[in-house]
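Here are my notes on the model, point by point. Please read them with the structure open.

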Amino acid sequence: ALTLDDGPDGATTPALLDLLQRHGARATFFLLATNVPGNEELLGRIVAEGHELGNHLATDEPSILLGPEGFQRDVEHTHGLLEEYGEVNWLRPGSGWYNGSMLETAGRYGYRVALGSVYPFDAMLPFPGLAARYILWRARPGSIIVLHDVGPRGERTLATLESVLPELKRRGYEVLTLSELAALGEGEG
C-alpha cells in the first residue's frame, strides 16, 4: 500500500494524482485539516480516481503531545471535514506516536490506526534517489510505504515515485490503498 501524508497541496497533489493514474497505482492520502480549506476539489478528485482519504488530524505535529481531549478534538474536527467525501476508515497519528487512549478514541470513530513498514525518512532527508532506493530495497508483499505531500516534500515524493512506481510494477507489485491491502489480507484467513 502507498500512503501519502500531510496534504492536500494545490500544487503537488494534482501532480501526484496524475503520476499515480499514469502508473495505475492507488494510494491512501492521510490529510491534515489545516490543508483542506481551498483544496476541496482535490478531495473530490482523490476519491473519484479510486484513492482513499485518511485522517492525519488537524496539524503537522506529534499527536501524542495533544493529550486525550486535544486528540479527540482533532480527530473529530478532521473527521467532519473528510466524511462528506466518503467513508474514512484509517487514522495515522502525527509523527507515528500513539498510546492506548488514542487507540480507544480512534476506535470510537470507527478508525483503524495505520503506521507503515517502509519509511525512507523523506520528511527529513531531501534526497529522492536515496528514498527510491530504500523503498525498492525494503518493499515486500504487504508493505505499507509512507511518503509525504505538500511543498518541497511533495516535490521529492514526485521524484521518488517517478522511479519507484515503474520498478514496482516491473517486479509484479500492484500499488494499492490501505483498505484494498487489508481486504487482501482478510481474504487469506
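Which helix holds both Tyr 134 and Trp 137, and how many residues apart are they? Both lie in helix H5, residues 128-138, at a spacing of three residues, or about one turn of the helix. Keep in mind that this is a predicted model. The points below follow from it.

1. Aromatic pairs. Searching the whole structure gives two aromatic pairs. One joins Tyr 119 and Phe 121, with 4.7 Å centre to centre and 45° between the planes, and it is tilted. Tyr 119 is partly exposed because its relative accessibility is 23%. Phe 121 has 41% relative accessibility, so it is partly exposed too.

2. The ring centres of Tyr 134 and Trp 137 are 5.8 Å apart. Their planes meet at 65°, which is over the 60 degrees needed, so this pair is edge-to-face. Tyr 134 has a relative accessible area of 26% and is therefore partly exposed. Trp 137 reaches 57% relative accessibility; the cut-off for exposed is over 50%, so Trp 137 counts as exposed.

3. The cavity. How many cavities of 30 Å³ or more does a search of the whole structure find? The search finds one. The largest cavity holds about 40 Å³ of space. Its lining is made up of Asp 122, Leu 125, Pro 126, Phe 127, Pro 128, Ala 131, Leu 147, Arg 156, Thr 157 and Thr 160. By class, six of these lining residues are nonpolar, two are polar and two are charged.

4. Who lines it. H5 and helix H6 (151-170) each contribute at least two residues to the lining of the largest cavity. Which element gives the most to that lining? H6 does, with three residues.

5. Asp 5. This residue belongs to strand E1, residues 2-7. Is Asp 5 buried or exposed? Its relative accessibility is 3%, and buried means under 20%, so Asp 5 counts as buried. Beyond its neighbours within four places in sequence, Asp 5 is in contact with Phe 30, His 56, Arg 92, Val 146, Leu 147, His 148 and Asp 149. Leu 147 is also one of the residues that line the largest cavity.

6. Backbone background. Most peptide bonds are trans, and most residues other than glycine have a negative phi. The next points are worth checking against that.

7. A cis bond. Gly 7 and Pro 8 are joined by a cis peptide bond, with omega about 5°. Pro 8 lies in the loop between E1 and helix H1 (12-22).

8. Positive phi at Leu 57. Leu 57 is not a glycine, yet its phi is positive, near 75°. Leu 57 is placed in the loop between strand E3 (52-55) and helix H3 (67-82). Its relative accessibility is 2%, so Leu 57 is buried.

9. Positive phi at Val 150. Val 150, also not a glycine, has a positive phi of about 90°. Where is Val 150 found? It is in the loop between strand E6 (145-148) and H6. Val 150 is partly exposed because its relative accessible area is 26%.

Definitions and conventions:
Residues numbered from 1 in each chain as written. Predicted model: local features only at pLDDT ≥ 70, side-chain atom pairs only at ≥ 80, totals over all residues. Heavy atoms only, no water. Helix = DSSP H or I, 4+ residues; strand = E, 2+ residues; numbered from the N terminus. Buried < 20%, exposed > 50% of the residue type's maximum accessible area, 1.4 Å probe, protein only. Contact = heavy atoms within 4.5 Å. Phe/Tyr/Trp six-rings, centres within 6.5 Å; stacked < 30°, edge-to-face > 60°. 1 Å grid on protein atoms, 1.4 Å probe; cavity = no way out; pocket = protein on both sides within 12 Å on 5 of 7 lines; lining within 4 Å. Points joined across faces, edges and corners; volume = space filled by probe spheres on them. Nonpolar A, V, L, I, M, F, W, Y, C, P; charged D, E, K, R; others polar.
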